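Please read the following points beside the model, beginning with the ligand and moving on to the strands.

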Amino acid sequence: MKKRLLILGGTTEAKELAERAAKIPNLEVISSLAGRTQNAVNPIGLVRVGGFGGEAGLVTYLQENSIDLLIDATHPFAAQISWNAAIAADQVAIPRLMLSRPAWEPEPNWIEVESNELAAEILPDLAQRIFLTIGRQELAAFAHLKQLWFLMRMIDPPTGVIPPGEVLLARGPFTVEQERSWIQTYQIQAIVSKNSGGEATVAKLSAAQELDLPIVMVNRPAMPMGTKVADVDQALLWIARSHG
Ligand code: NAP
């Protein structure tokens with residue numbers, strides 16, 4: 001019997017999963033995107049865009065669209081949607097899987113913090129010129145640091161308040177050579193990063209180590225309990241088992 005899989009996406013893993021799951025017989029795949037990134041690279045197959053309206057909205061969506069399986073392949077820092085997915089899947093009683101790439105392992109040049117706000121607190125004693133690689137949504141946490149200078153990298157231009165400095169619009173993956181060149185050109189003294197994991201943005205960590213720069217690493221937020229896999233191959237195995 002045909003089953004329907006909803007993939008909560010917004011990551012390269014979600015896109016690859018949609019492409020590969022679409023080849024499974026008797027499985028209809030729908031990808032869901034928040035709709036934040038302009039000119040997003042859409043997954044193949046059916047795609048819906050925009051929030052559901054909280055956990056209640058997601059429950060309604062799962063019911064109205066007769067979703068049988070849910071894979072939460074959102075970014076490790078997208079905690080709200082992951083908690084909503086956990087509650088909604090429980091309520092509708094469908095299997096849910098989290099696909100989350102492994103976090104990067106700590107290095108001696110890291111200073112680990114639990115939030116952007118805590119990263120902002122320690123920056124004035126650490127450096128003057130900072131490479132901020134946290135995307136565009138959370139820049140406000142650094143906006144009060146008027147005495148510092150930031151190189152802010154993101155895919156789309158910022159919309160809210162931003163700290164002093166320069167915006168660098170760029171979409172990964174980046175090479176170590178590119179990262180080294182940005183760090184040197186802008187005379188960067190420290191980097192702020194989220195522990196996103198994955199290959200696309202890991203080069204900055206190698207460049208920082210080479211150049212002996214500190215990295216303020218924001219640790220991942222708490223995520224709901226549940227079955228979790230680290231890559232697309234394992235997610236496909238889970239689908240095979242759940243699909244029957
Ligand atoms: P979030 O804080 O967890 O979610 C905020 C709200 O956005 C959710 O409550 C939901 O709205 C909506 N939403 C999020 N992901 C959605 C999806 N895949 N489909 C439909 N609605 C979604 O999420 P975020 O951190 O803003 O991230 C938004 C999207 O960008 C995610 O899909 C994530 O995978 C991607 N992304 C995030 C980051 C990051 O650093 N946070 C980095 C790269 C990509 P409703 O409550 O109305 O349903």
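1. The ligand is surrounded by 22 residues, with Gly 9, Ser 32, Phe 52, Gly 53 and Lys 194 the closest; a residue counts as near a molecule if one of its heavy atoms lies within 4 Å of it. This is a predicted model, in which local features need pLDDT of at least 70 and side-chain atom pairs count only at pLDDT 80 or more, while totals for chains, interfaces and linings use all residues. Residues are numbered from 1 along each chain as its sequence is written, and side-chain values use heavy atoms, with hydrogens and water left out.

2. The shell around the ligand divides into seven nonpolar, 12 polar and three charged residues, Gly being counted as polar. Strand 2 (27-33) and helix 3 (79-92) each supply at least two of the shell residues, and helix 3 gives the largest share, four residues; helices (H or I, at least four residues) and strands (E, at least two) are DSSP runs, numbered from the N terminus.

3. Among the polar contacts (pairs of N or O atoms within 3.5 Å), a polar side-chain atom of Arg 36 lies 2.9 Å from an oxygen atom of the ligand, and a polar backbone atom of His 75 is 2.9 Å from a ligand oxygen atom.

4. Strand 4 (residues 69-72) and strand 5 (residues 96-99) run parallel and are joined by three bridges, with Ile 71 opposite Leu 97 of strand 5. Strand 5 also pairs with strand 12 (residues 228-229) in the parallel sense over two bridges, where Lys 228 is the bridge partner of Met 98; strands pair if DSSP finds at least two bridges between them.

Terms used
A polar contact is a pair of N or O atoms within 3.5 Å; within protein, one must be able to donate a hydrogen and the other to accept it, and residues adjacent in sequence count only if both atoms are side-chain atoms.
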